[in-house]
Amino acid sequence: MNSGGFFHLLPNASTYAGPEDVLWWSMVGLCSAIAIGVFVVMFVFCIRYRKGRPADRTLAKETLPVELTWTFVPLTIFMGIFVWSLFLYAGTRTPPADAETIYVVAKQWMWKIQHPGGQREIDTLHVPVDVPIRLMMTSQDVIHSFSVPAFRVKQDVLPGRYTQLWFKAIEVGNYRLYCTQYCGLDHSKMGGKVIVMSRKDYARWLDRHDSGTSLAAQGAALFRAKGCSGCHGANASVHAPDLDGIYGRIVHLADGRTVAADDRYIHDSIMLPDKQVVAGYAPIMPAFSGELTESQVLALMAYLKSTRPGTQPAHESTRR
Amino acid sequence: MNATVITPDLPELEPPRSFFAHGSGLRSWLTTRDHKRIAILYTITITLFFVLGGVAAAMMRINLVTPDGALMSAETYNKTFTFHGVVMVWFFLIPSIPATLGNFLLPLMIGARDLAFPRLNLMSWYLFVIGGCFTIACLLLGGVDTGWTFYTPFSTLFSNTNVILVAVGVFVTGFSTILTGLNFIVTTHKLRMPGMTWFKLPLFVWGMYAVSLVMVLATPVLAMVLSLIGLERIAHVGIFDPALGGDPLLFQHLFWFYSHPAVYIMILPAMAVVSEIIPCFARRRIFGYKFMVYALIGISVIGFLVWGHHMFVAGMSATAALVFSILSFIIAVPSAIKVFNWTATLRRGNISFEAPMLYALGFVGLFMIGGMSGLMLAAPALDIPLHATYFVIAHFHYVMVGGTVMAYLGGIHYWWPKITGRMYSEGWARFAAVLMFFGFNFTFFPQYVLGYLGMPRRYHAYPPQFQTLNILSSAGASILAISYLLPFLYLGWSLYRGARAGSNPWNARGLEWQTTSPPPKQNFLARPVVRKAYAYDEPAPGTTA
């Protein structure tokens, strides 16, 4: 842990931390300068014009230009900060195309991590250094928030939807992970650590914790075990949509809308299928919201993403 | 307390009997329709609530001295910060200045005999007391562990505490806020005495007017969102919980649509108070009067459009974040204008440093620091790491406690002679004001650093590396506590032993100073003289000085 002493500053352990720190310290500098400026002026006035001291007390004419100056100068400065912050913020929103996805499920009061290779861990996230990592997160119960101060990243984790967060760690080490959205009794204990490893160590770690089944393969097993294949499978007699290659496809709904089959759509179609019924199909699918955990939905989704239209579901072969 | 002082400048129609003299039994107070007495009822009530909320704060600060949270269990801690937040926000800060000083002064400042609806005013107080006592009883007997923000779905389907009961209490209290706002708006429109035109109004009246608009328009949304929580908790109607098909972010939008304007409900009256005190002790007309008015109105209008800056990391779209960010920067401009104008008012003044002035100057400094840390939070790029850390705690305590509470106490000291007819010990009052300024900074500045280092808020226990700063903060809180207790002593003492104040001890302008202290039941014995606001370049009416 980065347990420096008193006044240890935060490590800048991600690509975002450095530029963010520049903006932060610039703001600290700017605000201090303004505050000190106003304090000095107030102090000088209080001394110079204190009661009983001879001074020029003729009323100055209030002029519009003075008021306009201290309206528009702050406005201009604020807009400058806004634009600067905007550019930084935009970079936090879209992960690079080569980012590796790791899945996070939050629940009272733990973080469950699922790697695409099937490795699972709790309250600890192992990541390789210098590789952009995209976390796809959801919550099993209430709202949580995934926060790693050393990376300067934070994102709320909501039930019923997926939020993402990405970072690229630049320094090997252990960094503290906090839950920063109040989530009940043991909110303050819902922490953990992010362990940034060299790529070689990371590969070794993945091997050591290999369970033999990738996330997609776990999903394929669930697809059969939970009975999905009974209706959605190739040989099913029930009239249900074919799901091979569903991910990213455009879906026409019974109510006339069209939606893209993204993470949230697939999640909702499993958990609350009545919400969006595909055109041409009867709403006969039971809701799985009481049946499946969010981790299992993520595995199912990894499986569905691995399928291609017209092919038989791939199992072990989906592993890269 | 029967003030028999007759000021020489008033025609002697009858010996002015102060409003205190019209009945002294409990019944005369509980059935009063006099805005001045209702203001005093409010003052006593919110002071009790402030003490309760303060005790909760003290317990939290003691608990945080050690990293493992030795004093309380996590459950108790969570209930304690909920108690502190609910009580301080709804039962102290929101009513603080409007219901006490505003109630007392608004009619006096515009030359009216009372508010437009005196019975409604009394009813507001009863609603407030009923809602307040009910809520506090529910918070003490069982408690609530959701935080004052009631975030869903935790509050609707996961918390096993008295959420519904507390929501009902806050709901009821909301009506007291709405009715007070309504009363103030009508009073300002209809009861200004002849000659008191809009731009002759003291900024205090403008502040009360602006805040009343916000109260009337924002509070119903709170009532709505609390009802929806009840509906989901009791009837399991899917509104916020995704397992029922609801949307948890909808709650945050509705809640902050009320609660961000509520922040301005707390700070606008503070600005209003300070705009009276600084000109009086600088002996100068307020600088940029009209800009100060426009700034007040601007803040109350734009205040409705910035709620989303509480949700930058909650999962909102980038476009929404951009819009809320730019609006949050824009709303900082009128606040900056006000700080500059207060400072400019000092220029070429004839400044003396009585206790109210020390509070007012302290307010300007602390409000400025709090406001500028708000600028950092308005930038999403900086808000990402700072959100939900102690930086946010420090930010809003600088504005709410450093700002509003300092201004409230400044106003209490400034108008104390008018309200009670007595002077307090100036030396002790100055000492308390200075002690409060240092105690406050000592308590909350370390929390900015803690926030930057990443310490999350609402943590019952924390990693040991944060301990030093937490001890500093708790030590500062003990100084702050002493500075809050001092006024009880010297103000209490002044009620019995203080020198008679006379009608205008500060040689201030404003109509409230043209009547006796304490004012008679009907406020004025003779028609006050209306001139421009802050006529410190002219002698006070009826005096030779």
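Trainee: Which residue is the bridge partner of Leu177(A) in S10(A)?
Mentor: First, the ground rules. This is a predicted model, where local features need pLDDT of at least 70, side-chain atom pairs count only at pLDDT 80 or more, and totals for chains, interfaces and linings use all residues. Residues are numbered from 1 along each chain as its sequence is written, while chains are lettered from A and ligands numbered from 1 in the order in which they are written. In S10(A), Leu177(A) has as its bridge partner Gly192(A).

Trainee: In which sense do S9(A) and S10(A) pair?
Mentor: Helices (H or I, at least four residues) and strands (E, at least two) are DSSP runs, numbered from the N terminus. Two strands pair if DSSP finds at least two bridges between them. S10 of chain A covers residues 192–197. Over 5 bridges, the sense of its pairing with S9(A) is antiparallel.

Trainee: What are the edge strands of the open sheet in chain A?
Mentor: The sheet has 5 strands, with mixed pairing, in the order S4-S10-S9-S6-S7. An edge strand pairs on one side only. In chain A, that describes S4 and S7.

Trainee: At what angle to S4(A) does helix H3 of chain A run?
Mentor: Axes are lines fitted to C-alpha atoms, for helices over the stretch in contact, and angles run from 0 to 180 degrees between N-to-C directions. Helix H3 (residues 199–208) lies across S4 and S10 of chain A. Its angle to S4(A) is about 130°.

Trainee: How many residues lie between S1(A) and S2(A) in their hairpin?
Mentor: S1(A) and S2(A) run antiparallel, joined by 5 bridges. One bridge pair is Val104(A) with Ile113(A) in S2(A). The number of residues between the two strands of the hairpin is 2.

Trainee: Why is S1(A) described as largely enclosed by the rest of the structure?
Mentor: Count C-beta atoms, placed from the backbone, within 10 Å of a residue's own: 20 or more others make the residue buried, 12 or fewer exposed, and in between it is partly exposed. S1(A) is largely enclosed because, of its 8 residues, the number buried is 6.

Trainee: Which residue does a cis peptide bond join to Gln108(A)?
Mentor: Most residues other than glycine have a negative phi, and most peptide bonds are trans. Here omega is about -10°. The second residue is in the loop between strand S1 (100–107) and strand S2 (110–114) of chain A. The cis bond joins Gln108(A) to Trp109(A).

Trainee: Is Arg283(B) buried or exposed?
Mentor: Arg283(B) is in the loop between H8 and helix H9 (289–302) of chain B. Its phi is positive, about 50°, although it is not a glycine. Because 20 other C-beta atoms lie within 10 Å, Arg283(B) is buried.

Trainee: How does Asp130(A) count, with 13 C-beta neighbours inside 10 Å?
Mentor: Asp130(A) is another non-glycine residue with positive phi, near 60°. Its place is the loop between strand S4 (124–128) and strand S5 (132–139) of chain A. With those 13 neighbours, Asp130(A) counts as partly exposed.

Trainee: What is the radius of gyration of chain B?
Mentor: The radius of gyration is taken over C-alpha atoms, and the globule rule is 2.2 Å times the number of residues to the power 0.38. Chain B has 15 helices and 0 strands. For 545 residues, a compact globule would be near 24 Å, which agrees with the chain B value of 23 Å.

Trainee: Which element gives the most to the side of chain A that touches chain B?
Mentor: Two residues are in contact if their C-beta atoms, placed from the backbone, lie within 7 Å. By that rule, 72 residues of chain A are in contact with 66 residues of chain B. With 16 residues, the element that gives the most is H2(A).
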